[in-house]
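Here is a short briefing for a reader meeting this structure for the first time. Please look over the sequence and the model before reading on.

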There are 2 protein chains.
Amino acid sequence: MPDLTCPVLTPADDRILLGHGGGGRLMQQLLERVFLPAFASPELDARHDGALLHVGTERLAFTTDGYVVRPLIFPGGSIGDLAVNGTVNDLAMCGAKPLWLSAGFILEEGLDIQTLDQIVASMRDAARAAGVTLVTGDTKVVDRGKGDGVFITTAGIGRVEAPATVGPDAVRPGDSIIVSGDIGRHGVAILSVREGLQFDAPIVSDCGPLWEPVAALLAAGIEVHCLRDLTRGGLASALCEIAAKRQVGIRIDDALVPVDEAVRGACEMLGLDPLYVACEGRFVAFVPAAQEQAALTVLSNVPISSGAVPVGTVLPENPGIVLSRSRIGGHRVVDLFSGEQLPRIC
Amino acid sequence: MPDLTCPVLTPADDRILLGHGGGGRLMQQLLERVFLPAFASPELDARHDGALLHVGTERLAFTTDGYVVRPLIFPGGSIGDLAVNGTVNDLAMCGAKPLWLSAGFILEEGLDIQTLDQIVASMRDAARAAGVTLVTGDTKVVDRGKGDGVFITTAGIGRVEAPATVGPDAVRPGDSIIVSGDIGRHGVAILSVREGLQFDAPIVSDCGPLWEPVAALLAAGIEVHCLRDLTRGGLASALCEIAAKRQVGIRIDDALVPVDEAVRGACEMLGLDPLYVACEGRFVAFVPAAQEQAALTVLSNVPISSGAVPVGTVLPENPGIVLSRSRIGGHRVVDLFSGEQLPRIC
C-alpha cells in the first residue's frame with residue numbers, strides 16, 4: 001500500500017528534509033538507505049528501541065536518543081525531563097531496568113545560563129524520579145545561529161529483567177494490544193505553546209518514566225511480548241513498525257483508543273489525527289490474550305498507567321497492515337506518515 | 001595563580017560563550033557551577049574521561065562526547081572518524097577495551113545526502129579499525145539555520161582490562177610522563193582549512209584509535225597510573241587538570257615535547273602555542289619511573305604511538321601547578337586557557 005505522496009531518496013541530488021526526522025516513512029528510508037547498510041549488525045537489525053548486550057552472565061540494554069524539542073520549556077516539562085525520560089523509557093521498552101545515563105549537551109552561544117540551570121534541574125529531578133544516575137557527560141558550544149539554544153543527546157544502560165526477549169519478533173497472532181493511557185497529550189501541549197493557543201484548562205505533557213509499570217507487569221509474571229513507547233509518530237507509527245517488522249496484521253478499534261476530550265478538541269481544531277500525535281509517558285504492550293485482564297489489573301495499580309485499556313489484537317492475516325475500525329463501523333488502513341505532523345516534538 | 005582575564009559566571013545575567021566549550025577555565029566553571037552540583041555522583045566526581053560501572057563481576061567504562069567540528073570533512077578525517085575515535089579513545093583512557101557505540105545524529109534541514117553518506121562511511125571504517133560495533137542510534141532533523149550540517153553525539157561502552165583504576169587519583173610523585181607522539185596536528189589541520197592556508201605538504205589530522213597502544217602497555221605489565229587523550233586544550237590542559245585533581249606538581253621540558261616542523265611553523269604563523277593545540281590520536285601516560293623505558297619500548301612497537309617520548313615528571317612540591325622548562329632554561333607556569341584557542345575543533 002505505497003504512499004504516493006512520499007518523495008523517494010535518490011542516490012544523488014537529495015537533501016535532508018525536516019520529515020527525515022519524523023518517525024515516518026521518510027525516516028525509514030533514511031535508515032534503510034544510509035545508516036543500516038553502513039552499520040549492519042544483529043543489534044541494529046532488530047529495529048527495536050535499544051540494543052541487547054551480553055556482559056558476563058548479565059544482559060544489558062543500551063540505547064540513545066537526541067532531543068531537539070522546541071520550545072525548550074513547555075507545559076509539563078522541558079527538554080531536560082524529556083532527555084531523561086525518553087531514554088529511560090527506551091530501556092524500559094526493552095524490559096530493562098534503567099540504571100545509568102550519559103548526557104551530551106550542544107549549547108548555542110548566547111544561551112542564558114538561567115535557562116540552562118532550569119533544564120539541568122529538571123534533568124536531575126527526572127533522573128531521581130526514574131531511579132537512574134547520570135554518570136558521564138560532555139558539553140560543546142556552537143556559534144550563535146548554528147544551534148537552537150540547547151540540544152541534548154542521552155544514552156542509557158539498563159539491566160534486562162524480562163526473562164525472554166521483548167521486541168517485535170516476539171509478537172504473535174492472537175496477542176492483545178494494550179495502551180497504557182490516553183494518547184496525544186505531549187504533542188498537543190507542545191503545539192499549543194508554539195501556536196499560542198489558549199484552552200480552558202492547559203493541556204500538559206504526559207512526560208514521565210515508564211519502568212515502574214513494566215516492572216510491575218514482569219513481577220506479576222505477565223508474558224510481555226513487545227513494548228513500544230509512543231513518541232514520534234504516535235500510536236499509529238508504533239503499530240505500523242511492529243506489524244511490518246513481524247509481518248503480522250493488527251486491528252484496533254478507534255472507539256477504544258483513549259483520548260482526553262481537550263486533546264481531541266485541540267486535534268480537531270488543528271487538523272491532527274491523535275493516533276499520530278506523540279506521547280512521552282505512554283506505551284503499547286503486546287501480551288497473550290489469556291493474560292489481558294491480569295495485565296490490565298497490574299497496570300491500573302500504577303499511577304502512570306492507571307488509564308490502561310485494550311485497543312486491539314494481532315491477526316495472522318494481512319501481514320504488515322494495521323486496520324482501524326472507525327466509530328461508525330468501517331475500516332481504514334493506518335499507514336506511516338510520509339514525514340511528520342509536528343516537527344521537533346522531542 | 002588566578003587567570004585575571006577570565007570572566008566569572010555570576011548567577012544571573014550570564015550567557016553561554018564559545019569558550020564554555022573549550023576545555024579551559026570557562027568550561028571548568030560551567031561544570032562546577034551548573035552540572036556537577038545537579039548531578040553529584042562518585043562517577044562524575046572522578047572527573048575522568050568515562051565512568052566506571054560494575055555489572056556482575058565485570059567492570060565497564062561508559063563515556064559520551066558530542067562532535068561539532070567545522071568543517072565536516074578535513075585533511076585526514078571527518079566528523080564521522082572523530083565521533084568514533086574520540087569516544088573509543090575516552091574508553092581506552094579508562095584502561096577499557098572499546099566494545100559498543102551508540103550514535104545520535106542531529107541533521108540540519110538541507111544537508112546533502114552525499115555528505116552524510118561520506119560521514120557515515122568514515123564512521124563505519126573507523127569503527128572497523130577500532131574493533132567496535134555501532135549497536136544503536138537515533139536521528140533528529142532541525143530546521144535550516146538551527147544547526148550546522150551535522151552534529152554527532154556518540155556514547156561508548158568498554159570492558160575495563162586495567163587491573164587497577166586508571167585515572168588522576170592514581171598519579172604519584174615520581175611518575176614519568178610520556179607523550180605518545182608529536183602533538184598539535186589535528187588542530188592545525190582543521191585551522192589550515194578554515195583559514196585557507198597552503199603548506200608545502202598538507203598537514204593531516206592525527207585522528208586515530210588509541211586502544212592498541214594502551215592494550216600493549218597493559219599486556220606488558222606496565223603499571224599505568226593515568227592516561228589522558230590530548231583533545232580540546234591539548235597537552236597543557238590535560239596536565240593542568242590532572243595536577244589540579246591529584247594536587248601534585250608537574251614539570252615538563254619544552255624541548256622534549258615532539259612537534260612536527262610544519263606544525264610548529266604553522267603555529268608560529270598563527271600565534272598558537274602547540275602545547276594547547278588539540279590532537280585526536282595522541283595521549284599522555286603516567287607510569288612509574290622505573291617502568292619508563294619498558295613503556296617506551298612497548299609504545300614504539302605500535303604504529304600509532306611509535307613516536308612516544310618522555311616529557312616530564314610528577315613532583316610532590318607545587319601542588320596543582322604545571323611548570324615547563326623552556327628551551328633557554330627558564331621555567332614558565334603552564335595554566336588552563338580561559339576559553340579556547342580554536343573553537344569547534346572536535
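This is a predicted model: local features need pLDDT of at least 70, side-chain atom pairs count only at pLDDT 80 or more; totals for chains, interfaces and linings use all residues.

Residues are numbered from 1 along each chain as its sequence is written, chains are lettered from A in the order in which they are written, and side-chain values use heavy atoms, with hydrogens and water left out.

**Chain B against chain A**

- Chain B and chain A each bring 79 residues to the contact (heavy atoms within 4.5 Å).
- About 6,800 Å² is buried between the chains, and carbon and sulfur atoms give 68% of that area. Buried area is the accessible area (1.4 Å probe) that two parts lose on being put together, summed over both.
- On the chain B side, I16(B), F39(B) and I113(B) lose the most area to chain A, together 10% of what that side buries.
- The interface holds 12 salt bridges (a side-chain nitrogen of Lys or Arg within 4 Å of a carboxyl oxygen of Asp or Glu).
- One salt bridge joins R232(B) to D138(A), with the closest N and O atoms 2.8 Å apart.

**Domains of chain A**

- Chain A is assigned domain 1 (59–160) and domain 2 (168–334); such bounds come from an automatic or database domain assignment.
- The C-alpha centres of domain 1 and domain 2 of chain A are 24 Å apart.
- In chain A, 21 residues of domain 1 are in contact with 21 residues of domain 2.
- These domains of chain A bury about 1,700 Å² between them, 68% of it on carbon and sulfur atoms.
- P75(A), N89(A) and M93(A) supply 35% of the area that domain 1 of chain A buries against domain 2, more than any other three residues.
- The rule finds zero salt bridges between domain 1 and domain 2 of chain A.

**A126(A)**

- A126(A) sits in helix α4 (residues 113–130) of chain A. Helices (H or I, at least four residues) are DSSP runs, numbered from the N terminus.
- A126(A) counts as buried because its relative accessibility is 7% (buried means under 20% relative accessible area, with a 1.4 Å probe and protein chains only).
- Leaving aside neighbours within four places in sequence, A126(A) is in contact with D81(A), V84(A) and N85(A).
- A126(A) and I252(A) are 126 residues apart along the chain, and their C-alpha atoms are separated by 33 Å.

Conventions. Helices (H or I, at least four residues) and strands (E, at least two) are DSSP runs, numbered from the N terminus. Buried means under 20% relative accessible area, exposed over 50%, partly exposed in between (1.4 Å probe, protein chains only).
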